[in-house]
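This report looks at one helix pair and then at the layout of the chain.

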Amino acid sequence: MSTSGLELSTLGHRIRHHRLARGLTLDELGATVGVAGSQLSLIENGKREPKLSLLQAIALATDTEVTDLISGEPPNRRAALEIELERAQAGSVFRQLGIAPVRVSKGMSDETIESILGLHRELLRREREAIATPEEARRANTELRIRMRERGNYLPEIERLAEKQLKAAGHTSGALSHRTVSIMAEQLGFELLYVNDLPHSTRSVTDLENGRIYLPPASIPGGHGLRSMALQAMAHRLLGHTPPTDYADFLQQRLEINYYAACCLMPETAAVSFLQQAKKDRNLAVEDFRDAFGVTHEGAGMRMTNLMTEHLGMQLHFLRVDATGAITRVYENDGIPLPMDVTGSIEGQRVCRHFSARQAFTQQNRTTEHHQYVDTPGGTYWSSTQTGSSGEGEFSVTVGVAFDDSRWWRGRETSERAVSHCPDESCCRRPPADATDRWKGRAWPSARVHTHMFSPLPRGAFPGVDDNEVYTFLDRHAGE
Ligand SMILES: [Zn+2]
């Protein structure tokens, strides 16, 4: 309903109010002003706009003024309730539900309308709360990181589950092949299918009824990510996931499926023995671990945080940083000082310019890892950083340790050394005084629109997923 529709509704209520105050029926007032009672009824119900001449006649007949009739105020409490209900039922939030609106009758009590309005107000409140999802997401993400830190980023139950599944599929050692991943799926009763039309809001879709896991086409560059996606899809099933109830639940499940996939690609027993040997040889390197298991640098680095505290007694930090220096993925239990917002969230914050994670972007030779020490207010740290690029631009992946543990790593002999005073703003956030003097008031940068880490999610059975798109997709393929 348009604004004028709502004004007409108030006008109608005011006419009815004055008519009833004079004890007139629709037909009686109609006869006086020269229109049929049915016409007057349409006007009183806000369905028709009266001409000014008719308004003048009605004002005269009911002993009031035109200005009073067209006032925006509901004439009485009952009318206010009815107008609010009309407004609520005309709103998009209610109409989305596909529920037929209530038709208010004379016999309906104020209490009934009040109760229905109460439901509408609560519906709107919940809708607004859902829009607040980015904050909820950040909070949930921070809580999850803290919980994982307490557990050394290690989940033994999922480690054991993965080893069992791998053994059953006949995997013995080395990189996990696509073929073995398919066998693992078959053993769960699923067939892996690669399709071009996956819904945009999904990474994979599992058809539980027909035993199929739909994945993006196998030919995309860097297709090794596909093993991970297939394993993640299976993990939902193996871990008995049910549709997530809130964002925290959604993030927990995502962490678990990622963890399961990492366990399959870099199985605990083999990975730990590889890392223990490398430590013994004082030759730990993310790139060696990566190449031994045929995974991404990021996957290898993150996996080291799962296993090295538990099995090698080493604490470490992991950072994925974009070209602007913003942290997109993070884990640390070695105390390296990282930027944090008021909610304790690290993701989206910019890491110190002097850290290896950002210095690596300035290096000429980027085919191998960049090694560097940094002195921070929290002590000295050694880091190894590899840069890369994705569809979203350049990024760097860093794994590092406190100074004492650098002796186990290749690259410890580096002469690269930096000093960081962050979070002191004079370290790298505030421009030098002479630059400020030179440019203040003489430059006008146009800001890039800030893209939030977590935009509001479409709401449905699965947070973040467009159900309609998914079900249409499944319908399309189920008949094949
Ligand atoms: Zn700094």
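In this predicted model, helix α15 (residues 286-293) packs against helix α16 (residues 297-312) at an angle of about 110°, and their axes are 9 Å apart. Since angles of 65 to 115 degrees count as roughly perpendicular, α15 and α16 are therefore roughly perpendicular to each other. On the α15 side, the contact is made by Val286, Phe289, Arg290 and Phe293. His297, Ala300, Gly301 and Met304 make the contact on the α16 side. Sorted by class, the contact of α15 with α16 has five nonpolar, two polar and one charged residues.

| Domain | Residues |
|---|---|
| domain 1 | 3-130 |
| domain 2 | 290-430 |

Taken over C-alpha atoms, the centres of domain 1 and domain 2 are separated by 65 Å.

A further annotation comes from the UniProt record. In an unreviewed entry, UniProt places the feature "domain: HTH cro/C1-type" at residues 15-69. In the model, residues 15-69 are 67% helix and 0% strand. The end C-alpha atoms of residues 15-69 lie 6 Å apart.

How confident is the prediction along the chain? The average pLDDT of the protein chain is 88, and 92% of the residues score at least 70. Over residues 451-458, the pLDDT is below 50.

Note on methods. Residues numbered from 1 in each chain as written. Predicted model: local features only at pLDDT ≥ 70, side-chain atom pairs only at ≥ 80, totals over all residues. Axes fitted to C-alpha atoms, helices over the stretch in contact; angles between N-to-C directions. Helix = DSSP H or I, 4+ residues; strand = E, 2+ residues; numbered from the N terminus. Parallel < 35°, antiparallel > 145°, perpendicular 65-115°, else oblique. Contact = placed C-beta atoms within 7 Å. Nonpolar A, V, L, I, M, F, W, Y, C, P; charged D, E, K, R; others polar. UniProt positions renumbered as here; feature names shortened; annotations may be inferred. pLDDT = per-residue confidence, 0-100. Domains from an automatic or database assignment.
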